[in-house]
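Biologist: I have a predicted model open and would like to learn how to read it. Please take me through it one feature at a time.

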Amino acid sequence: MAAQQHKETLPRHVAIIMDGNGRWARKRHLPRQAGHVAGVNAVREVVRAAIDAGLEALTLYAFSSENWKRPAIEVGALMGLFRLYFRNDIHEIAELGARVRIIGNRTRVDPDIRKMIEESEHQTAGNTGMNLIFAFDYGGQEEIVAAVRELARAAKEGRLDPETITPELVSSRLFTNGLPEPDLVIRTSGERRLSNFLLWQSAYAELLFVDTLWPDFGRAEFMDALEQFTQRERRFGALPEAVA
Ligand code: IPE
Ligand code: IPE
Ligand code: MG
């Protein structure tokens, strides 16, 4: 409720690098997979908190294009959890009025997952509530390269004058086309890097690194992050209001 009072300074779009599942499990002498299972519960809680706070968009980094480098057994467990989450939660997400979008490379995931992704997007396409975006098999550099390749092809075929390429045009070729850029990027688990997440879109995002491991991140931690965002002064290269 406190966040509702600050609605004018709330971020429109929050993006989260959900990190620390493995360390959460290790602390408990559990297999890494148990950390991922616990992480799904944190996803559920944070999605509801974000909807309650009235955000326009929430993006969750669920699997990076580099996470394929992990042992097959862990990749398999993560894919299994993704399947379970979508099967069990999509109805509730739809009822909450959220619109689901998955950003990432769809050609490498199993066909049944691709089908689930398409169905969940289709099922929620008419919703007008929060945009709930999962970055899944996502890599920021790969996303930018795909956009560049598309523009280069259009130029080569004479459909595009290279002089007319603007930041807006590039943005419109990214997976996030139509969404506001993230105002706040949160990374859990104490790591201080972006790991190829929303590289273009985060140009002016506020970054918040918290030590909490992802499975321990819940509604209270999320609301605290929103509160911290309201204390930041964003300048976008201009002078602060008091000086200008
Ligand atoms: C984040 O937790 C989940 C994914 C990357 C899919 P990690 O699995 O990276 O957990 P740590 O970093 O090893 O603790
Ligand atoms: C980033 O976490 C990817 C996700 C949270 C899905 P990683 O744990 O894969 O990142 P690095 O390897 O520590 O940079
Ligand atoms: Mg990690």
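Biologist: What is the phi of Ser-195, and why does Ser-195 count as partly exposed?

Modeller: Its phi is near 45°, a positive value in a residue other than glycine. For exposure, buried means under 20% relative accessible area, exposed over 50%, and partly exposed in between (1.4 Å probe, protein chains only). Ser-195 has 29% relative accessibility, so it counts as partly exposed.

Biologist: Which residue other than glycine has a positive phi near 55°?

Modeller: That is His-29, in the loop between helix 2 (21-27) and helix 3 (32-53). His-29 is exposed because its relative accessible area is 76%.

Biologist: Let's turn to a strand. Which residues are in contact with Thr-59, leaving aside its neighbours within four places in sequence?

Modeller: Contact means heavy atoms within 4.5 Å. Thr-59 belongs to strand 2 (residues 57-64), and its partners beyond those neighbours are His-13, Val-14, Ala-15, Ile-16, Ile-103, Ile-133, Phe-197 and Leu-198. Its relative accessibility is 1%, so Thr-59 counts as buried.

Biologist: And in a helix: is Tyr-85 buried or exposed?

Modeller: Tyr-85, part of helix 4 (residues 72-95), counts as buried because its relative accessibility is 6%. Setting aside neighbours within four places in sequence, its contacts include Val-40, Val-43, Arg-44, Val-47, Leu-132 and Phe-134.

Biologist: How far apart in space are Gly-104 and Phe-136, C-alpha to C-alpha?

Modeller: They are 5.4 Å apart, although 32 residues separate them in sequence. Gly-104 is placed in the loop between strand 3 (99-103) and helix 5 (111-124). With a relative accessible area of 5%, Gly-104 is buried. Beyond its neighbours within four places, it is in contact with Phe-136, Asp-137, Tyr-138 and Phe-175.

Biologist: What separation do the C-alpha atoms of Glu-66 and Asp-137 have?

Modeller: It is 8.0 Å, for residues 71 apart along the chain. Glu-66 lies in the loop between strand 2 and helix 4, and it counts as partly exposed at 31% relative accessibility. Another loop residue is Gly-54, between helix 3 and strand 2. Gly-54 is partly exposed too, at 37%, and its C-alpha is 8.9 Å from that of Leu-10, 44 residues away along the chain.

Biologist: Now the whole chain. How many helices and strands are there?

Modeller: The protein chain has eight helices and six strands, in the order α-β-α-α-β-α-β-α-β-α-α-β-β-α. Its radius of gyration is 19 Å, close to the 18 Å from the globule rule for 244 residues, so the chain is as compact as a globular protein of that length. That radius is taken over C-alpha atoms, and the rule is 2.2 Å times the number of residues to the power 0.38. Of the 244 residues, 48% count as buried. Among contacts between residues at least 6 apart in sequence, 76% join residues at least 24 apart.

Biologist: Finally, what pLDDT does the protein chain average?

Modeller: The average is 95, and 97% of the residues score at least 70. Residues 1-6 have a pLDDT below 50, and that stretch has six contacts in the model beyond near neighbours in sequence.

How values were computed:
Residues numbered from 1 in each chain as written. Chains lettered and ligands numbered in written order. Predicted model: local features only at pLDDT ≥ 70, side-chain atom pairs only at ≥ 80, totals over all residues. Heavy atoms only, no water. Helix = DSSP H or I, 4+ residues; strand = E, 2+ residues; numbered from the N terminus. pLDDT = per-residue confidence, 0-100.
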